[in-house]
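User: I am new to this structure. Please take a close look at one part of it, and then show me how the surroundings compare.

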Amino acid sequence: MKTLAASLLGLALLLGPALAQIEPVAPIEGEAGRESMVVVRATTDEAEASALLAGFRRRFPGVAISYAKMTSSRLYDEFLAEAASGGGTADILWSSAMDLQIKLVNDGYAERHVSPETGGWPTWAVWRNEAYGITAEPVALAYNRKLLPEARVPRSHAEFLAALTRHPEAWQGKVATYDPERSGVGFLFLTQNLDVTPRTWDVVRALGQVGAKLYTATATMLDRVSAGEALVAYDVLGSYALERAKQDPALGVVLPGDYTLVTSRIAFIPKAARHKAAARLFLDYLLSREGQALLAARSVTPVRAEARAPDDPASRSTALRPIPVGPELLTSLDQIKRTRTLRQWRRAIEGR
């Protein structure tokens, strides 16, 4: 154990202060070495997480990662089924459906973990040392640069609404957005937009008027925009859109100038995790400067400002509105309110 600790300390000193910050997790690493695996269930595409996962494997080669990507609703449902079975659960749940994550934490499924990596962490990004916001990602509008002239690109929610209502024929069947009935993230964005302005219902009605196509994943919407099947994708994860735009000249990205929601992929360790020590190690790595910088390398805006890429547009925006990690998110999940909200959404999008 002493030899291992000395080796890690030497490695940290060689690689600089970013790695030296992670040294307090060495005792956990000793326990995790006996477990040798961490099971992660996430909504993050493996392509976006690839640099992070590779970094963790390099830093802790004795801990294998079982990583599975799934939709937020499926992740939630499968975790509950796994927990009910009594046979233990995955070790890390990491989801962009902030409200569903907070519900699981509030219902007592999360292990408390005081991380050495969160000194100075913003208060909006952590709750009870159980739920941690790992990212600070803008909710964006993506558009086809080849088919939509810059002069017609909406630069705010108000401009988007005006464009749809004034010239609905130009947008018919050419807008993509989340389906809040099938997507946890889509429902989150709907309720958060409503918290900002009741005119969100006008946007929903306008989306229905132009025959907007509904999806459950940002990646699919970006595919449609890139192919020219859609001119605009409304309320997409900005991290995915910005990373895709680096390689795709057809894709443009706008952070709305009136307000830009900032969402976070929340991670927690379940109390019934099968490899709890390895889970602590992985969560600390997600929160570390190294882990955060590796997310930033794939355009996934991290919470740590010092780990963000120099060209991250979220750092230049003055209209960011972070969604707090905390019990306020539970309001939208009240079953009566949820049913009422989705019923109103269905009526609005169907023009009733």
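Analyst: Contact here means heavy atoms within 4.5 Å. The model is predicted: local features need pLDDT of at least 70, side-chain atom pairs count only at pLDDT 80 or more, and totals for chains, interfaces and linings use all residues. Residues are numbered from 1 along each chain as its sequence is written, and side-chain values use heavy atoms, with hydrogens and water left out.

Start with Leu 295. It sits in helix 14, which covers residues 289–296. Helices (H or I, at least four residues) and strands (E, at least two) are DSSP runs, numbered from the N terminus. Leu 295 is buried, because its relative accessibility is 1%. Buried means under 20% relative accessible area, exposed over 50%, and partly exposed in between, with a 1.4 Å probe and protein chains only.

What touches Leu 295, leaving aside its neighbours within four places in sequence? The partners are Leu 52, Trp 94, Ile 134, Thr 135 and Val 300. Ala 307 is 12 residues away along the chain from Leu 295, and their C-alpha atoms are separated by 8.9 Å.

Now follow the chain to Ser 299. This residue lies in the loop between helix 14 and strand 13 (320–322). Ser 299 counts as buried, because its relative accessibility is 11%. Its phi is positive, about 65°, although Ser 299 is not a glycine. Most residues other than glycine have a negative phi.

Asp 235 also has a positive phi, near 60°, and is not a glycine. Asp 235 belongs to strand 9, residues 232–237. With a relative accessible area of 7%, Asp 235 is buried.

Another loop residue is Ser 96. It is found between strand 3 (92–95) and helix 6 (98–106). Ser 96 has a relative accessible area of 6%, so it is buried. Neighbours within four places in sequence aside, Ser 96 is in contact with Thr 43, Val 185, Leu 188, Thr 263, Ser 264 and Arg 265.

Arg 347 is partly exposed, because its relative accessibility is 43%. Together with Lys 337, Arg 340 and Arg 343, Arg 347 forms a patch of positive charge on the surface. Patches are made of residues with over 30% relative accessible area and no salt bridge; like charges are joined within 9 Å, and nonpolar side chains (Val, Leu, Ile, Met, Phe, Trp, Tyr) within 5 Å. A salt bridge is a side-chain nitrogen of Lys or Arg within 4 Å of a carboxyl oxygen of Asp or Glu.

Conventions. Areas by Shrake-Rupley, 256 points an atom, 1.4 Å probe, with all protein chains shown as cover. Lys, Arg positive; Asp, Glu negative; His and termini not counted. Charge placed at Lys NZ, Arg CZ, Asp CG, Glu CD.
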